Protein chains: 2
Amino acid sequence: MLRRFAADKAKHLLRPLCSSLLPASAAAADLVSSSSPFCTSSSAPAAMSSTKTPPVSVENINPKIIKCEYAVRGEIVILAQRLQQELQSNPGSRPFDEILYCNIGNPQSLGQLPITFFREVLALCDHPALLDKDQTHGLFSSDAIDRAWKILDVMPGRATGAYSHSQGIKGLRDLIAAGIAARDGFPANADDIFLTDGASPAVHMMMQLLLRSEKDGILCPIPQYPLYSASIALHGGTLVPYYLNEATGWGLELSEVKKQLEDARSKGVTVRALVVINPGNPTGQVLAEDNQREIVDFCKEEGLVILADEVYQENIYVDNKKFHSFKKIARSMGYGEEDIALVSFQSVSKGYYGECGKRGGYMELTGFTAEVREQIYKIASVNLCSNISGQILASLVMNPPQEGDESFESYVDEKDGILLSLARRAKTLEEAFNSLEGVTCNRAEGAMYLFPRLHLPHKAIEAAKAAKTAPDALYARRLLDATGIVVVPGSGFGQVPGTWHIRCTILPQEDKIPAIVSRLKEFHEAFMAEFRD
Amino acid sequence: MLRRFAADKAKHLLRPLCSSLLPASAAAADLVSSSSPFCTSSSAPAAMSSTKTPPVSVENINPKIIKCEYAVRGEIVILAQRLQQELQSNPGSRPFDEILYCNIGNPQSLGQLPITFFREVLALCDHPALLDKDQTHGLFSSDAIDRAWKILDVMPGRATGAYSHSQGIKGLRDLIAAGIAARDGFPANADDIFLTDGASPAVHMMMQLLLRSEKDGILCPIPQYPLYSASIALHGGTLVPYYLNEATGWGLELSEVKKQLEDARSKGVTVRALVVINPGNPTGQVLAEDNQREIVDFCKEEGLVILADEVYQENIYVDNKKFHSFKKIARSMGYGEEDIALVSFQSVSKGYYGECGKRGGYMELTGFTAEVREQIYKIASVNLCSNISGQILASLVMNPPQEGDESFESYVDEKDGILLSLARRAKTLEEAFNSLEGVTCNRAEGAMYLFPRLHLPHKAIEAAKAAKTAPDALYARRLLDATGIVVVPGSGFGQVPGTWHIRCTILPQEDKIPAIVSRLKEFHEAFMAEFRD
């Protein structure tokens, strides 16, 4: 039965792309059922020694992998890559001349430039011999040179090519802890920090720690960033969904979380943690302080770990909201190590820096026992350490140039330029979506995405059904075909059944936004005209 | 019962270090039993909501984590780190003035310098603005500048800070495929290459793919690099050991592999793959071509994937042995994609480059169906991509400077200097171990380690028993205390029961080797004098 299911699922995956956007919606259907249809029983088939059957096939691989879905790099992206090749080999074959990847928060792929100071320091640490040469002073800012020396000095033996401590270089963790303390106004400890290759491995590590079987559950917002559903599937646990309220700007309502927790418990699921993404991905809301306080109290009472995805902490676009880390909130309520277990994820891939390719990030763990901490250290050790450039960059984003440093002004200009532009793009695109017939779109208060709702005509829904795909997948697919714009169907993130969305980043460069808006409008009008009831 | 076991195991881990080296030997005992004592049943305890018990404890985390052991970063290293702090705060408190980390293949941590050309290219790619400046030509070699341009040109949009394709940047995979083809004399395909953050994540990916439950087994050499035992434990499978023959220079004997395969099958284990580490870690042997051919034939007949750990392919120190990749061997036997599934792991951390901190590496996958390949692509996608500096470095080590390039001579000097020195160090240390009473040591034909056998006096074994530790762990611990030299007890790698070994890298710089040898001899004589029967 299990193998049959896996094989059927795999067949869906392998259908020609034109009719195969189903898995995303199938995944969403899995998502919203809190009792997983999946079991990890050990009904292993007999050893295969026939030379005709390949020894490894989708029928006999780990079924958790078949179950796992990851929409932001899913089939629509594979299709986009094919279109891009087509455009290269046959320019003019499509009504557009480039593919615009609005599927993923990857700012530099769309032309955002890196922060100069950060790259200067990285280059100097990559080739420290430069530091001994006179010409270097003509090529690099003086504070980048100073910073590179400081970083080399905290590396044992100044060895920039050595494995570090499994949690990351102690001196860099000290810098990060200082940056966290300055941000929050509460102390942070280098021993609580685990540097990782981006935030994703940190999330996997926590899922691996907490999930023993499908009887263990993790409360996740719906819509959610699909790393969470993918990681829970890969580690054999159960995603317990709580729905964000679209009508109140994707509000996180505690009554809904409570209801879902009780429901999961009544089904025998041990709920271990609550994921909160703040600012929200794909939903862009920024939590209010009061809301965060009630979440902390709730998790404390219910014995839930808070897994706080805080990678968009620098991406806030509205004046009336501010980022507060969950640790700051908990400490300001008087709660310490003994009261609540908290994990904060941070990444160098987001913010104004957008250094996705560097794979730097960390998690700050508080409120875990020494015994559990040792086990986490052990898992970190099995992968030896995260990459040193990523570690250095994490220390830089948490300790950027300060007033008085040579780079300070240019740094502030670069940073503000990016953040103010992102705010403008968020607003323009939000207004564009809201101007479309049958589309409503909440404001992106933060993060890098809009998640507009599509009120699709009945005929479009029927057409999707006939094509064995989800209506929002049909829409995304048609949008790509007509305009080259890549967005992700809402079904890849989870959504209230019967509602349809797309996620679109706000990342294309500003000079491209007017063309995007007009292509989007033109496409949407044609789409609605074709399917209007 | 399961929870009790986990909790007991955890208690061992947490004992004061002086008596807690037991887990390594306990792990070894687990290793050599092909039917795992572990089960993944879902006897989850009830939800914990009491405020007194912490919600996360060693009793309720994933038991696979408790089971996992990783000796090369284990307790002896934690102890060494403490001693190092002690030396810093209280110099002169010990009979040595530095800790010599011979526990791990981490060359640059012991003073090996990076290859200049590689670092020049990395620095230019990290800060491409340098390429537009005149002074750069005075600071960098012309071929490093050319190479940086070539690399930037294969990056979509020249974006060095963007997430790449999930398998790595296509243009870099093309370069790596060309390097593999030049090495082997058989074609290689960029689509078969998955770039990863070092080799470890690639190994995890394959274990995650192949292991469904404890009924699935992986044949691993004993002694083995503990990444394999750790990864199999974390993914809930069973390690099926095959013993290397110490008497024949750690020979891989097919009769032993067959016997263990049959034994495992008779116990209901589905054996999915055979791990071969060539050159060997921790054992240093280099496989003969004939031996590799029979391994290929055997795996083909038995339907086993070959997981070939080929990260030491550049580290060969004897004239009568040469590295041959398993893919080259299989292709030279006339076997193609249809005949055998093969994975080759490579890393930028080893070889003469030793760039451990950069976390670059790849796996080359051949002989898998398109359907399975799509599933592997999906897992790679969940982590987005490996770090770009590591990707660039992997392309460089597979395509170093060529004759005629400005850097060629200095590159060859640096490379040969490192490899010839490693060969001398391997020989000197091997002779030193063989000169010790009761110690026999096979030659390190390749890789970075010696794995001498300790024939310990009965009294030493009794003393270890009384201290609840393994005899080789007692030896390693005493060695550290007396000399500051960190080695790993053989029990962390697995060994024939009743035999005892240590693993010692050949990586300390040459000027330190005489002092190491004399400290080692002095310690060993004192140890033997203390325990002689």
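This is a predicted model: local features need pLDDT of at least 70, side-chain atom pairs count only at pLDDT 80 or more; totals for chains, interfaces and linings use all residues.

Reply: Residues are numbered from 1 along each chain as its sequence is written, chains are lettered from A and ligands numbered from 1 in the order in which they are written, and side-chain values use heavy atoms, without hydrogens and water.

Me: Which side chain makes a polar contact of 3.0 Å with that of A:D192?

Reply: A:D192 sits in the loop between α8 (170-184) and β2 (193-196) of chain A; helices (H or I, at least four residues) and strands (E, at least two) are DSSP runs, numbered from the N terminus. A polar contact is a pair of N or O atoms within 3.5 Å; within protein, one must be able to donate a hydrogen and the other to accept it, and residues adjacent in sequence count only if both atoms are side-chain atoms. At 3.0 Å, the partner of A:D192 is A:R373.

Me: Is A:D192 buried or exposed?

Reply: Buried means under 20% relative accessible area, exposed over 50%, partly exposed in between (1.4 Å probe, protein chains only). A:D192 is therefore buried, at 8%.

Me: How many disulfides are there over all chains?

Reply: A disulfide is a pair of cysteine sulfur atoms within 2.5 Å. The sulfur of B:C385 has its closest cysteine sulfur in A:C356, at 8.0 Å, so that pair is too far apart for a bond. Over all chains, the search finds 0.
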